[in-house]
Amino acid sequence: MGFLDNSGDIILDAVLTEAGRRRMAQGSFRIVKFALGDDEIDYSLYNKNHPSGSAYYDLEILQTPIFEAFTQVNAGINYGLLSTTATDLLYLPSIKTNEKSQMASKTLAIRSSGSSGLFLLTDSSNDTSTTSISSVLDTDSIESIDGFAPQTAVLVETGLDTGVGQIPAGSDSNRQSLLVSNGLIDNKLIISYDSRFISGIKGLDSQSSVANNATSNQINASLSLTDGTRTSINSGLENYNTVNVVGIKNSIAQTTSPNTEADFSSISGPRGVMAAVAPVIKQGLDAEYSLYGGTSTVGATAVKFIDTTIYVQGSTSNTQLQIPFRILKLS
Amino acid sequence: MAITSYERLDTTNDITTTRTLLHESIPLTGTIVSGTYGTFPDDNNIKNYTHEQFQSVYDYPFLSSSANHIYDLSIGFDEASPMSGSVSIVQESKKINMYNQMSQVLLGYTGSANDVRKFEIDTTLDGSGIMRESLFINFARLITKDQIKKGTVTVTLGTGSWATPFALTRTLTDASASATEGTANTLGGDYGVLYDSDSDNLAYGVVFYQAGLIALSTASFGTITDFFSNSAGTSSVLNTFVSSSITASTDAFRHRVQNVSFNNTTEINSSIYFCRVPHNKYNHSANPTYLSSSTIRVKSVNSDQPISYITTIGLYSSDNELLAVAKLSEPLRKDPTNELTLRVRLDY
């Protein structure tokens, strides 16, 4: 994968992807739309304080070398430019996992395992009458999701994560004016998962609700899981399938006396939606542990594991998040 | 990851097709067929076969994976040739078969008896100027590509003695042929006539442009008596046809090939997609670096213009499958003050 010669006129280097060639062979090659990408660009190089003036703000960005086109589908456009027509946006939503301890203790949320940042899924297929993978993890106070029948989940939130004490504050009015009015609410989230290890994703039921409006502004959550809706959306990743899960209104907001928003939300600012990701692992995973995974120990117990990444994407804002999961079972 | 922002292409105004002809100059010097790789006639870039119907010329010793096939050489004569039926003729049936194979594919059959047509050194195929004995150069598709460009063929043959074949030369060209005139159309495509423009302006062969084949008359070598020489002595071109194998005859032939050159033609059909980017769209990005604490990095206040930088254009099917990717050589700034048309060409 070389760089393109950028010493002269702007040129376009176009290639058919693997899918394009396959479609050619099948006689179904038909291009009907296009999208634009900027994967190589690092916008942090945009220097609004350049001493030579505004003409130099994007000097480094414009000097970014561009890779040659390559043919793998998943290497085309990973993020993409947005077709939103608004020009007065200053903020766009971010997406984060919610690992607040109070959410973990009072709702179905789990937190990642220690410093690894991995969320754990248990595969009980090697459990015995005396030992189970869940009990091994519980002994070490490690939170996990039951891989075959999830009752807990990783919570994700979207919103304007502008920082504690920064503007705009996480009020409901700011949610309305900065997110809802600008069409930046992700009522659905697209979840892409590796179908070799995971058979589906459970998300929040549309009747679920969350707010910090209980007594003393404590959490008032009613969260339950349901199967995500399988979609034909092509993630561009080999072996990956996609489902849609519901994004419920995130009514955790700035409160007074006390302000508890930071106790329950990882977004510091106006919040958009909350969603859950609870993977259901495939039955009969066995050889996959040696093919794609490895062995380790939890405490003194030997375990097998497979690491996999689940991608979460806002269907409207296109904001994206990668969540690393580890599937664990007793050796 | 899944892209959610697409722009539809108008199939009437945004997609068009073009056809372009590309030409490359192909100079094939005579040294490559004689003496460059090994000692004549056992050159390492010349491949002979047990069937002995033709020999292949490569641009490098043919056992190397780097070698490219350039052309094949063969000879043949029509069964009505005077030499047909000669006493003790070598490989008679193979020589007749080679002639007939070339002529039936390129010229087809004629008459109520379905006789195979004969090569003629004119463009009329009227039975006059029949070339009953021929030397064939079959070019590999690798170098002729889609066809030989008309009016560009030059063949220089050595007509001197066996010892110094290039002391005298004859240069044949198809200069009278062009894309619009000077050729005849047959089953095997168009052919033009190779003339010796230097001296007598007579025709000595034909070139089939699409098939990539040159058929030369034995008259190309005039009346030289030592067209071929070996331990048994020397022989004229016609005697070589009678008394030598096809392999030995083609050895003698390539000993006298000084130069072959032509321009090839590659036909490129292209689809051009005009990707029109409106002024009010694609000014924001989902690139993770676009935001810092959810704030758009390229803006300080709401009223600042959003800016994005295009590096890639993805072309998609109706079910969002990425079929082609085009990359810009440098980032292209996009903001609400400009509207872009990116012209993406796919060649087939």
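This is a predicted model: local features need pLDDT of at least 70, side-chain atom pairs count only at pLDDT 80 or more; totals for chains, interfaces and linings use all residues.
Colleague: How many helices and strands does chain B have?
Modeller: Both kinds of element are DSSP runs, numbered from the N terminus: helices are H or I with at least four residues, strands are E with at least two. By that count, chain B has four helices and 24 strands.

Colleague: What is the radius of gyration of chain B?
Modeller: This radius is taken over C-alpha atoms, and the globule rule is 2.2 Å times the number of residues to the power 0.38. A compact globule of 348 residues would come out near 20 Å. The C-alpha atoms of chain B fill a box of roughly 100 × 50 × 40 Å along the principal axes. The radius of gyration of chain B is 30 Å.

Colleague: Among contacts in chain B between residues at least 6 apart in sequence, what share joins residues at least 24 apart?
Modeller: A contact means heavy atoms within 4.5 Å. Of the contacts in chain B between residues at least 6 apart, the share joining residues at least 24 apart is 61%.

Colleague: What share of the residues in chain B is buried?
Modeller: Buried means under 20% relative accessible area, exposed over 50%, and partly exposed in between, with a 1.4 Å probe and protein chains only. Chain B has 348 residues, and the buried share is 52%.

Colleague: Is A184(B) buried or exposed?
Modeller: A184(B) sits in strand β12 (residues 183-186) of chain B. Leaving out residues up to four places away in sequence, A184(B) touches T123(B), G189(B), D190(B) and Y191(B). Its relative accessibility is 8%, so A184(B) counts as buried.

Colleague: Which element of chain B do the buried residues of α1(A) pack against?
Modeller: Helix α1 of chain A spans residues 18-26, and its buried residues are A19(A), G20(A) and R23(A). They cover an arc of only 100° around the axis, which puts them on the same side of α1(A); the arc is that of the directions from the helix axis to the C-beta atoms. They pack against β23 (322-334) of chain B.

Colleague: Why do the buried residues of α5(A) line one face of the helix, and what covers them?
Modeller: The buried residues of α5(A) are N174(A), R175(A), L178(A) and L179(A). Seen down the axis, they fall within an arc of 105°, so they line one face. An α-helix has 3.6 residues a turn, so residues three or four places apart point the same way. What covers the buried residues of α5(A) includes β7, β15 and β16 (271-281) of chain A.

Colleague: Which elements give two or more residues to the lining of the second largest cavity?
Modeller: On a 1 Å grid over the protein atoms alone, a cavity is a set of points where a 1.4 Å probe fits but cannot get out, and lining residues have an atom within 4 Å of a point. The second largest cavity has a volume of about 40 Å³, the volume being the space filled by probe spheres set on the points, with grid points joined across faces, edges and corners. Its lining includes G170(A), D172(A), R175(A), N250(A) and S251(A). The elements are α5 (172-180) and β15 (248-251) of chain A.

Colleague: Where is T319(A) found?
Modeller: T319(A) is buried, with a relative accessible area of 10%. Among the residues T319(A) touches are P93(A), D186(A) and V312(A). T319(A) is found in the loop between β18 (301-314) and β19 (320-330) of chain A.

Colleague: Where does P168(A) lie?
Modeller: Most peptide bonds are trans. The bond from I167(A) to P168(A) is cis, with omega near 0°. P168(A) lies in the loop between β7 (154-159) and α5 of chain A.

Colleague: What is phi of K145(B)?
Modeller: K145(B) has its place in the loop between α2 (141-144) and β9 (147-148) of chain B. At 28% relative accessibility, K145(B) is partly exposed. Its phi is positive in a residue other than glycine, near 55°.

Terms used. Residues are numbered from 1 along each chain as its sequence is written. Chains are lettered from A and ligands numbered from 1 in the order in which they are written. Side-chain values use heavy atoms; hydrogens and water are left out. On a 1 Å grid over the protein atoms alone, a cavity is a set of points where a 1.4 Å probe fits but cannot get out, and a pocket is an open set with protein on both sides within 12 Å along at least five of seven lines; lining residues have an atom within 4 Å of a point.
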